[in-house]
Amino acid sequence: MRSPVVLGIESSCDETGAGIVRDGKLLAHVVASSMDEHARFGGVVPEIAARAHLHAFNPVVRRALDQAGLRMSQLDAVAVTTGPGLSGALQVGLAGAKTLAYSLGLPLYGVHHLAGHVAADTLEHGPLPEPCMVLIVSGGHTSLLLVQDLARDPILHLGDTLDDAAGECFDKVARVLGLPYPGGPAIDRAARDGNPKAVSFPRPLTGGRGADDPYAWSFSFSGLKTAAARWAEGYRLRGEEPPVADGAASLQEAVADVLTRKAVAACTAHGVKTLVVVGGVAANSRVRALAERRCASAGIELRVPPMTLCTDNGAMIAAIGDLLVRAGAEPAPLEMTIDPSAPLEYASLTPVAPPSPPPPLPVPAASRS
């Protein structure tokens with residue numbers, strides 16, 4: 001019997017992604033981004049994102065099938081992001097995935113967006129070691145996870161961001177420095193010409209007592225963002241423009257230092273020999289370089305997906321769908337809906353809306369006042 005072919009659909013934010021995976025191997029990977037439409041607003045506009053998904057869904061799926069050299073009839077399952085994310089954007093992806101699955105008579109799997117990011121690494125490096133430490137860093141999430149069997153076991157959160165995520169910090173400081181949206185790539189580019197030691201930005205939540213500190217594995221980038229904004233403001237109050245390259249390099253160094261320091265310490269504390277870094281900020285050059293250096297010093301294997309699989313994409317959703325299918329997971333019920341703020345507990349995410357209450361009984365005419 002041939003291995004099942006899984007189509008993955010991603011639409012949680014501003015990328016419409018379709019990917020096709022069979023037996024852990026990537027067959028197709030297509031993304032349509034609406035980022036340019038959001039750039040003039042300095043961030044993602046939910047209504048614009050939802051409409052962009054609506055227009056891009058069919059072309060992206062068709063291109064993925066063409067890339068894989070497959071017909072619709074050769075698909076065996078459909079996986080779709082059901083949370084977290086923007087409500088309208090998620091609804092478009094789910095509606096499209098349901099239409100495909102039910103018209104073709106295929107099982108449908110709801111997938112947690114962050115679990116998809118973790119699974120993206122398997123497309124490049126093969127199955128995840130059990131256990132492994134996963135650092136998720138993106139525009140909305142910064143988390144340290146202890147992962148066993150991704151398709152079957154619960155995912156243990158060691159720590160999450162308490163306020164701004166790392167990518168959010170980059171976006172907000174980039175705006176203060178006059179750099180374009182999205183801020184992460186802009187900061188990375190500007191930092192190439194800067195001195196990472198020019199500004200002594202704080203390293204939030206790194207002064208604890210070790211593993212017994214309640215914030216040992218948590219993150220906080222709000223204070224760092226404020227420190228960078230105050231630094232730039234100080235120059236402008238003197239009628240000067242801040243040295244953008246130095247500010248970008250120093251900010252990037254602070255973020256990379258905090259992320260990699262905590263991740264490597266968590267690996268050591270839990271006896272884990274593999275660190276997987278995923279999410280959009282995993283594409284940052286300094287995060288990658290510092291993680292590589294610190295993991296090598298600590299004897300820890302570092303796994304980072306290629307840059308094309310770090311940002312949101314359908315391939316990662318197909319990858320986790322493929323794992324669920326091969327693990328014998330139950331498909332989603334017909335009533336599956338979305339959960340825009342879903343916590344990451346399991347890779348499979350199949351929320352069902354509660355039944356609507358019955359309509360009120362009519363009041364008899366005689367009892368009306």
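Strands E6 (residues 132-137) and E7 (residues 142-147) run antiparallel and are joined by six bridges. Within this pair, Val137 sits opposite Thr142 of E7. Strands here are DSSP E runs of at least two residues, helices are H or I runs of at least four, and both are numbered from the N terminus. Two strands count as paired if DSSP finds at least two bridges between them.

This is a predicted model, where local features need pLDDT of at least 70, side-chain atom pairs count only at pLDDT 80 or more, and totals for chains, interfaces and linings use all residues. Residues are numbered from 1 along each chain as its sequence is written, and side-chain values use heavy atoms, with hydrogens and water left out.

Zooming out, E6 and E7 belong to an open, mixed sheet of five strands, ordered E8-E7-E6-E9-E10. E8 and E10 are at the edges with a single partner strand each, so one side of each has no neighbour in the sheet.

| Element | Residues |
|---|---|
| Strand E8 | 156-160 |
| Strand E9 | 274-278 |
| Strand E10 | 301-303 |
| Helix H9 | 244-269 |

Helix H9 lies across E6, E7, E8 and E9, at about 160° to E6. That angle is between N-to-C directions (0 to 180 degrees), with axes fitted to C-alpha atoms, for helices over the stretch in contact. Contact means heavy atoms within 4.5 Å.

Now for Arg303, in strand E10. Arg303 counts as buried because its relative accessibility is 4% (buried is under 20%, exposed over 50%, partly exposed in between; 1.4 Å probe, protein chains only). Residues that Arg303 touches include His125, Pro127 and Val276.

Notes
Lists of a residue's contacts leave out its neighbours within four places in sequence.
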